[in-house]
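Welcome! Please take a look at the sequence and the 3D structure below, and then we will walk through a few of the details together.

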Amino acid sequence: MSVPSRFPRLLLGAALLAGSLAGNLVVGGFAGAPAAQAKAPAQRVTAQALAVALKRLDGLATSMQRRTGVPGMAIAVVHKDQLVFLRGYGVRTAGQAGTVDPDTVFQLASLSKPMASTVVAALVGDGVVGWDDPVLRTLPEARIGPAGTAPNVTLRDLLSHRSGLPDHAGEDLEDVGFDRNAVLARLRFLPTGNRFRADYAYTNFGFTAAAEAAARASGNAWEVLSRERLYQPLGMTRTSSSHAALIAEPNRARLHVPSPQGWVARFDRDADAQSPAGGVSASARDMGSWLRLQLNGGRFDGKPVIKAAALAETHRPQVISIPPADPATDAASLYGLGWNVGQHGAGLVQLSHSGAFSLGAATAVYLLPAEQLGIVVLTNGQPMGLPEAVALSFLDLAVAGEVSRDYLPLLQGIFKEMFEQDYPAVVAPAVAAPPLPLERYVGRYSNDYFGPLAIRRGADGLELLIGPTPQRFALTPVSGNTFSYQPRGENAFGPAAVTFEAGAGGALTTVRVGNLDRNGLGLFTRQTP
């Protein structure tokens, strides 16, 4: 399976189940008309087949949760505009008594994206914005690419990840504490090469820029717009787009990561900076209402909420996310506006999206629009394929009457590969050279993208400080002018190298930070006092 080097490390995106995988795991297919209007084959999910699938779903979910040990999970299933399954499993916090129920709030991570594109679709239907509006029209600070292409970058380009921004652009800024406005304003420094509308690269902050531009056109903040234009009309009372609202919810699932002692609630993940792309939190019951809207052409409880044509456009393929390895035999992976567009089995258009925080959340949604069938699975554990495996197994049962494969071990292998360190490991030589006197390294360094970086002398050695409210990291000598430090946050894996370089006169003039150098922007130049 071929994926970009940074492919969805933080928030799972379009090609999760793609490439060389066969059968229902292949994300491919083409919908020449909007999904809501596509010519569908005779319905394959009969009432009897659905009843059998729903009866087995509880056992499948329980078994898979037990196999992974993930502390909590909630599931909602919708069929023909009816919520036909709604159940919680396990606990909100490992080691504590609070159980998961249908109203427990989970962080959605990248499942926020199809939610956000639904909000933008509402504005498109209202005539407030158009999919092909330039982002700079209402968000001039978010300049993407060189002067020749920046004015042409549209909402459509950003919501389909074809703007030319590099994979996961801007998340390194979020990791060191920059807020949404600061990250969007610094996208101008990222190289786009000749990738504009020619290449797919999954970008949470590109997606966020489109949503922000739409919100600016509406005159409301994104958090207010999403509440007033989507959550309230659907009665989604436990859904929000802000971290503060999540924390204020007593019935919420904590994030969990595995440890030698079992699953532990160790981290908090504030995703406000990229709220449209990853900052929504919701209950399974609320997500069931959103599934009904998606599968019913923008109507809810018989009332129009979003114009059908605008919503259907989010389901239309816009870009190839992964080209076929062999075009003679393999399907391409496609992405719409916040949706993967593929196939389930033969002939059924399948819309899907996954969400993941490495700090402890995993979610997935799957729709078969022609069958008016959808399932969403929310979990509070580090991603290992549980929500996808549950959803795909259920769809197999509903469509074909049997589960075609054991999805869980296959997905666990994919996720393990995805969460491998993607910046150079620190390698110490057999015989380490001593560093220079530590005072030689002390000083203020800077670049346009990250801003200032300070090296200071602390009680136990050197410290690196970076970010708008400087985060402090201890530096450990490796050899000579190379040190290491342990990053924190979603993109943090093992230690990263911090390497100082001398100029012609022997004075230290630059420092390169390995984990911040993914796009060649990790070099900081020493500033004169």
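Helices (DSSP runs of H or I, at least four residues) and strands (DSSP runs of E, at least two residues) are numbered from the N terminus. Two strands pair if DSSP finds at least two bridges between them.

## About the model

This is a predicted model, in which local features need pLDDT of at least 70, side-chain atom pairs count only at pLDDT 80 or more, and totals for chains, interfaces and linings use all residues. Residues are numbered from 1 along each chain as its sequence is written, and side-chain values use heavy atoms, with hydrogens and water left out.

## A hairpin and its neighbour

Let's start with strand 19 (residues 476-479) and strand 20 (residues 482-485), which pair in the antiparallel sense over three bridges. Here S479 stands opposite T482 in strand 20. Strands 19 and 20 form a hairpin with two residues between them, and G480 in the turn has a positive phi of about 60 degrees.

Strand 20 also pairs with strand 21 (residues 496-502), again in the antiparallel sense, over four bridges. In this pairing, F483 faces V498 in strand 21.

Most residues other than glycine have a negative phi. Which way does phi go at H161, positive or negative? H161, which is not a glycine, has a positive phi of about 65 degrees. You can find H161 in the loop between helix 3 (155-159) and helix 4 (171-175).

Q372 is also a residue other than glycine with a positive phi, near 50 degrees. Q372 sits in the loop between strand 13 (361-368) and strand 14 (373-379).
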